[in-house]
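The numbered points below may be read beside the sequence and the model.

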Amino acid sequence: MPVQPQYLAFVLEQLEDVGNVSARRMFGGVGLYSNDLFFGLIDDDTLYFKTDESNSAEYLARKMPRFMPPVNRPMGPMGYHQVPADIIEDAEALVAWARQSVAVALASRTRKRKK
(Lines give C-alpha, C1' and ligand atoms only; values in the text may rest on other atoms or scores of the structure.)
Protein backbone atom coordinates (compact mmCIF):
# COMPACT_ATOMS: atom_id res chain seq x y z
CA MET A 1 0.00 0.00 0.00
CA PRO A 2 1.17 3.53 -0.59
CA VAL A 3 2.79 5.68 2.05
CA GLN A 4 0.71 8.71 3.00
CA PRO A 5 2.60 12.01 2.49
CA GLN A 6 1.76 13.25 5.99
CA TYR A 7 3.12 10.05 7.59
CA LEU A 8 6.35 10.30 5.60
CA ALA A 9 6.71 13.98 6.57
CA PHE A 10 6.18 13.10 10.26
CA VAL A 11 8.79 10.33 10.21
CA LEU A 12 11.34 12.53 8.42
CA GLU A 13 10.74 15.32 10.93
CA GLN A 14 11.25 12.89 13.83
CA LEU A 15 14.51 11.71 12.23
CA GLU A 16 16.01 15.18 11.64
CA ASP A 17 18.74 14.72 14.26
CA VAL A 18 20.07 11.59 12.57
CA GLY A 19 21.49 13.88 9.90
CA ASN A 20 21.33 13.68 6.12
CA VAL A 21 18.21 11.50 6.05
CA SER A 22 16.49 11.23 2.70
CA ALA A 23 13.56 9.24 1.38
CA ARG A 24 13.33 7.48 -1.98
CA ARG A 25 10.20 5.89 -3.40
CA MET A 26 10.58 2.20 -4.12
CA PHE A 27 8.18 -0.65 -4.90
CA GLY A 28 5.16 1.26 -3.58
CA GLY A 29 6.95 2.08 -0.32
CA VAL A 30 9.73 4.42 0.73
CA GLY A 31 13.39 3.67 1.47
CA LEU A 32 15.13 5.70 4.18
CA TYR A 33 18.78 6.63 3.75
CA SER A 34 21.38 8.34 5.91
CA ASN A 35 23.81 9.68 3.35
CA ASP A 36 23.91 6.65 1.04
CA LEU A 37 23.21 3.97 3.68
CA PHE A 38 19.82 2.27 3.38
CA PHE A 39 18.72 1.86 7.01
CA GLY A 40 14.94 1.80 7.00
CA LEU A 41 11.78 1.59 5.02
CA ILE A 42 8.14 2.57 5.22
CA ASP A 43 5.46 0.33 3.81
CA ASP A 44 1.73 0.86 4.30
CA ASP A 45 2.48 3.65 6.81
CA THR A 46 4.53 1.24 8.91
CA LEU A 47 8.15 2.08 9.78
CA TYR A 48 10.84 -0.61 9.74
CA PHE A 49 14.52 -0.30 10.66
CA LYS A 50 17.44 -2.51 9.57
CA THR A 51 18.39 -5.08 12.20
CA ASP A 52 21.00 -7.70 12.91
CA GLU A 53 22.31 -9.47 16.01
CA SER A 54 23.58 -6.14 17.42
CA ASN A 55 20.18 -4.45 17.71
CA SER A 56 17.41 -7.01 17.15
CA ALA A 57 16.98 -7.94 20.85
CA GLU A 58 14.94 -4.80 21.61
CA TYR A 59 12.61 -5.51 18.70
CA LEU A 60 12.24 -9.17 19.64
CA ALA A 61 11.59 -8.33 23.30
CA ARG A 62 8.68 -6.18 22.14
CA LYS A 63 7.53 -8.89 19.70
CA MET A 64 7.87 -6.54 16.73
CA PRO A 65 7.36 -8.31 13.39
CA ARG A 66 9.93 -8.47 10.64
CA PHE A 67 9.22 -6.87 7.30
CA MET A 68 7.69 -9.34 4.88
CA PRO A 69 7.68 -8.52 1.16
CA PRO A 70 4.35 -8.71 -0.67
CA VAL A 71 3.08 -12.17 -1.54
CA ASN A 72 3.92 -11.66 -5.22
CA ARG A 73 7.61 -11.20 -4.24
CA PRO A 74 8.23 -14.31 -2.09
CA MET A 75 11.68 -13.52 -0.70
CA GLY A 76 10.86 -14.45 2.90
CA PRO A 77 11.46 -12.24 5.91
CA MET A 78 14.06 -9.54 5.53
CA GLY A 79 16.47 -7.97 8.03
CA TYR A 80 14.11 -5.17 9.02
CA HIS A 81 11.82 -4.99 12.05
CA GLN A 82 8.80 -2.82 12.68
CA VAL A 83 9.55 0.14 14.95
CA PRO A 84 7.25 0.35 18.02
CA ALA A 85 4.75 3.22 18.01
CA ASP A 86 6.01 4.66 21.31
CA ILE A 87 9.52 4.91 19.84
CA ILE A 88 8.20 6.67 16.72
CA GLU A 89 6.39 9.21 18.90
CA ASP A 90 9.56 9.98 20.92
CA ALA A 91 11.96 11.74 18.54
CA GLU A 92 14.98 11.26 20.82
CA ALA A 93 14.37 7.52 21.14
CA LEU A 94 13.65 7.20 17.42
CA VAL A 95 16.93 8.90 16.54
CA ALA A 96 18.80 6.51 18.85
CA TRP A 97 17.16 3.47 17.25
CA ALA A 98 17.78 4.89 13.77
CA ARG A 99 21.46 5.45 14.52
CA GLN A 100 21.76 1.80 15.55
CA SER A 101 20.23 0.82 12.21
CA VAL A 102 22.59 3.10 10.31
CA ALA A 103 25.46 1.32 12.09
CA VAL A 104 23.98 -2.04 11.03
CA ALA A 105 23.76 -0.82 7.42
CA LEU A 106 27.38 0.36 7.53
CA ALA A 107 28.58 -2.95 8.99
CA SER A 108 26.64 -4.86 6.35
CA ARG A 109 28.16 -2.81 3.55
CA THR A 110 31.66 -3.28 5.01
CA ARG A 111 31.17 -7.07 5.17
CA LYS A 112 29.97 -7.14 1.55
CA ARG A 113 32.97 -5.14 0.35
CA LYS A 114 35.40 -7.53 2.06
CA LYS A 115 33.98 -10.52 0.15
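1. Terms of exposure. A residue is called buried under 20% relative accessible area, exposed over 50%, and partly exposed in between, with a 1.4 Å probe and protein chains only. The areas themselves come from the Shrake-Rupley method with a 1.4 Å probe, and for residues only the protein chains shown count as cover. By these limits D44 is partly exposed, because its relative accessible area is 40%.

2. Basis of the note. The model is predicted, so local features need pLDDT of at least 70 and side-chain atom pairs count only at pLDDT 80 or more, while totals for chains, interfaces and linings use all residues. Residues are numbered from 1 along each chain as its sequence is written, and side-chain values use heavy atoms, with hydrogens and water left out.

3. Overall layout. The chain contains four helices and five strands. Here helices (H or I, at least four residues) and strands (E, at least two) are DSSP runs, numbered from the N terminus. Read from the N terminus on, the order of elements is α-β-β-β-β-α-β-α-α. The chain has 115 residues, of which 41% count as buried.

4. The nonpolar core. Such a core is a set of buried Ala, Val, Leu, Ile, Met, Phe, Trp, Tyr and Cys residues joined through side-chain atoms within 4.5 Å. Which residues have the most contacts inside the largest one? They are L15, I42, L47 and F49, in a core of 25 residues. At least two residues of this core come from each of helix 1, strand 2 (29–34), strand 3 (37–43), strand 4 (46–50), helix 3 (85–89) and helix 4 (91–114). Helix 4 gives the most, with seven residues.

5. Salt bridge between R109 and D36. A salt bridge is a side-chain nitrogen of Lys or Arg within 4 Å of a carboxyl oxygen of Asp or Glu, and by this rule the count is two. In one of them, R109 pairs with D36, and the closest N and O atoms are 2.9 Å apart. Since R109 belongs to helix 4 and D36 to the loop between strand 2 and strand 3, the pair ties together parts that are 73 residues apart in sequence. R109 is partly exposed, because its relative accessible area is 25%.

6. Salt bridge between R62 and D86. For this pair the closest N and O atoms are 2.8 Å apart. R62 is found in the loop between helix 2 (56–61) and strand 5 (80–82), and D86 in helix 3, so the bridge ties together parts that are 24 residues apart in sequence. R62 counts as partly exposed because its relative accessibility is 37%. D86 also counts as partly exposed, at 44% relative accessibility.

7. The loop between strand 3 and strand 4. This loop holds D44 and also D45. D45 counts as partly exposed because its relative accessibility is 27%.

8. Y48 is part of strand 4, and H81 is part of strand 5. These two residues are 33 residues apart in sequence, yet their C-alpha atoms are 5.0 Å apart in space. Is Y48 buried or exposed? Y48 is buried, because its relative accessible area is 10%. H81 also counts as buried, at 4% relative accessibility. A separation of 6.6 Å is found between the C-alpha atoms of H81 and T51, which are 30 residues apart along the chain.

9. A negative surface patch. The residues E13, E16, D17, D90 and E92 form this patch. Patches are made of residues with over 30% relative accessible area and no salt bridge; like charges are joined within 9 Å, and nonpolar side chains (Val, Leu, Ile, Met, Phe, Trp, Tyr) within 5 Å. Lys and Arg count as positive and Asp and Glu as negative, while His and the chain ends are not counted. The place of a charge is taken as NZ of Lys, CZ of Arg, CG of Asp or CD of Glu. E16 counts as exposed because its relative accessibility is 59%.
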